[in-house]
Amino acid sequence: LLALAIVGVGAVRSVRLSSACLALTAGIMLAGCTSRTAVPDRPTKVLRPVAQSSWPALVDDLPLDGLQAACGHSLDYFQRVPPDRVFRFGREERTAAQLDAGIRRFMEIVEQERDPARLTRALQREFMLLRSVGRDRRGEVLFTGYFEPLLEARHQAFAGFVHPVRGVPADLVTVDPKAFGVSGAGRRMVGRVEGQKLVPYTDRSEIDFGRRYDLSSPVLGFVADPVDLFFLQVQGSGTLVFDDGCRIRAGYAQTNGRPYRSIGKLLIDEGLVPREQMSMQAIRAYLSEHPEDLERVLSYNPSYVFFRPLAAVDGPLGCYGVPVTAGRSIATDRGLFPAPVVAWIEGTIPDAEGVREPFTRFAVNQDTGGAIKGPGRVDLFIGAGDTAGEIAGRMQDAGRLYLLLPRSI
């Protein structure tokens, strides 16, 4: 899948909401992040221990303050869960208390040991390194990027701003099959009640193009471009910037339960955009040049994301309920990598003009995504705004993923 087949969030500086924003936010606070991942058949074989003689050179290419902030957010998560909760990473198991202590010790070590060789030796004494088997079972991982859009918006539909950023509809129902004794049931089902039956919830085509503006959902704001709204849903988070100075951070709340389908893959399969040129920019350009195709292409993806306003925090929230940090937070398959632990990542990243440079750094596993499936997919949070969007839209590069776990006692 192309780089855009993701659901994620990004970082942006917190701002104080105006009284109008506060009133709107108070009226539409909605349910939070849910896991949207699938577990492969052999989850115990997705990570392989790395011998100490084969550790990568731990030369971090970013300032330390972002890493400290990201680790601090993970500690906030571990303080909220029972200390004896067990998390499984391949064949390794650790409790929340062990992972909490591990991150605290990791932070102490990286602050004390700035020389890569001494840092490696210090970490090897107390931690083990696990490498993802990747998408080819030999360690190759596809890295994509995600960001938080900044979208001009209006409080009411006006002068071209007619596309609503919707909250969770009042008639949307979630059902846990296990509550009805359905053995072997998977994730929760999403639908609506029609008569005396539960039916699948309305798809994108009907919501956006079926004149259903009476949909029973609150509205965070209205944007002018339906493509901007679509990519806001793909990213899973964004900041609405209003003409009165108000800003509302829209965060993922719920989907309509329909499967995600990549419109980038559709354009490739139909020969409308060459595979080697596929990017967010290419999709935007095609739809701008072929407005007659807009409804058909966007409706190809029946999945629809509903949003909730997020409180003013250091950044948009990842799936563990803590802010993500630009350059340091990654999204992975939560079914395989189930806790916000420290990772080591290596790969290449484009700049805003598409020139690629290598990166090597510590990161923290703090998010997940609808298209981030299996051990061979990682999404790197780039940041907020247009420049971050240019980078994220072009990022689709091979790399390596390692997890750092405290040695079990």
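Trainee: How many aromatic pairs does a search of the whole structure find?

Mentor: The search finds ten aromatic pairs, where rings of Phe, Tyr and Trp (its six-membered ring) pair if their centres lie within 6.5 Å, planes under 30 degrees apart counting as stacked, over 60 as edge-to-face and the rest as tilted. Keep in mind that this is a predicted model, in which local features need pLDDT of at least 70, side-chain atom pairs count only at pLDDT 80 or more, and totals for chains, interfaces and linings use all residues. Residues are numbered from 1 along each chain as its sequence is written, and side-chain values use heavy atoms, with hydrogens and water left out.

Trainee: Why is the pair of Phe 143 and Phe 359 called edge-to-face?

Mentor: The centres of the two rings are 5.7 Å apart and the planes stand at 80°, so the pair is edge-to-face. Phe 143 is in strand S5 (residues 141-148) and Phe 359 in strand S17 (residues 356-367), 216 residues apart, and both Phe 143 and Phe 359 are buried.

Trainee: How do you know that Arg 296 and Asp 293 form a salt bridge?

Mentor: The closest N and O atoms of Arg 296 and Asp 293 are 3.2 Å apart, and the rule asks for a side-chain nitrogen of Lys or Arg within 4 Å of a carboxyl oxygen of Asp or Glu. By this rule the count comes to 22 salt bridges, and Arg 105, Glu 108 and Glu 126 are linked in a network of them.

Trainee: Are Arg 296 and Asp 293 buried or partly exposed?

Mentor: Arg 296 has a relative accessible area of 38% and is therefore partly exposed, whereas Asp 293, at 13%, is buried.

Trainee: Why does one side of strand S6 and of strand S14 lack a neighbour in the sheet?

Mentor: Four strands form an open sheet in the order S6-S12-S13-S14, with mixed pairing, where two strands pair if DSSP finds at least two bridges between them. Strand S6 (150-153) and strand S14 (305-309) stand at the edges, each with a single partner strand, so one side of each is left without a neighbour. Strand S13 (residues 247-255) pairs with S14 in the antiparallel sense over five bridges, and Gly 251 has Arg 308 as its bridge partner in S14.

Trainee: Where in the protein chain is confidence lowest, and where is it highest?

Mentor: By pLDDT, the predictor's confidence in each residue from 0 to 100, it is lowest in helix H1 (residues 19-27), at a mean of 38, and highest in strand S4 (residues 127-132), at 98. The mean over the protein chain is 86, but pLDDT stays under 50 over residues 1-41. Where pLDDT is low, the predicted coordinates should not be read in detail.

Key:
Helices (H or I, at least four residues) and strands (E, at least two) are DSSP runs, numbered from the N terminus. Contact means heavy atoms within 4.5 Å. Buried means under 20% relative accessible area, exposed over 50%, partly exposed in between (1.4 Å probe, protein chains only).
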